[in-house]
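Hi,

Here is the structure I promised to pass on.

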Amino acid sequence: LMVEAMENWLLADPDVLRAYYGQGFAGAAIPKRNDVEQVPKRDALAALEAATRRTQKRTYHKTRHAPEILQRLDLDALCDRAPRCKAFREWLEGEIHPS
């Protein structure tokens, strides 16, 4: 159920990133891959840096930005592009609501 870097999950919902960072967000820097968990960690971080460097909030920062972005992610959009997240969600739902 692990992902190489939590930032990979942020890549799954560029609309949330755009809304969070606002003007200057360079969405073209975000990979369009269907499986964002396969993006190497360094590439995920580089994409976030490139997409955010010209925004008012400035370059992506894990402890300053990630907690709020994670709260805003569309879980369905995330699970569509992150199989491990989908597996975790299904497991968690099974634990909460066993058949």
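Is Lys 62 buried or partly exposed? At 44% relative accessibility, Lys 62 counts as partly exposed; the cut-offs are under 20% relative accessible area for buried, over 50% for exposed and partly exposed in between, with a 1.4 Å probe and protein chains only.

Before the rest, a word on the source. This is a predicted model, where local features need pLDDT of at least 70 and side-chain atom pairs count only at pLDDT 80 or more, while totals for chains, interfaces and linings use all residues. Residues are numbered from 1 along each chain as its sequence is written, and side-chain values use heavy atoms, with hydrogens and water left out.

Now the charged pairs. Side chains of opposite charge can pair when their charged atoms come close. There are 8 salt bridges in the structure, a salt bridge being a side-chain nitrogen of Lys or Arg within 4 Å of a carboxyl oxygen of Asp or Glu. One of them joins Lys 62 to Glu 7, at 3.3 Å from N to O. That pair links distant parts of the chain, with Glu 7 in helix H1 (residues 7-10) and Lys 62 in helix H4 (residues 62-72), 55 residues apart. Helices here are DSSP runs (H or I, at least four residues), and strands are runs of E, at least two, all numbered from the N terminus. Glu 7 is buried, at 2% relative accessibility.

Another salt bridge has Arg 84 and Glu 37 as partners, with 3.6 Å between the closest N and O atoms. Arg 84 sits in helix H6 (residues 83-96) and Glu 37 in the loop between helix H2 (14-21) and helix H3 (41-52), 47 residues apart. Glu 37 is buried at 5%, whereas Arg 84 is partly exposed at 32%.

Arg 89 pairs with Asp 76 at 2.8 Å, which connects helix H6 to helix H5 (residues 75-81). Asp 76, Arg 89 and Glu 93 are linked in a network of salt bridges.

Leaving aside neighbours within four places in sequence, Leu 11 is in contact (heavy atoms within 4.5 Å) with residues including Ile 30, Val 36, Leu 48 and Arg 81.

Cheers
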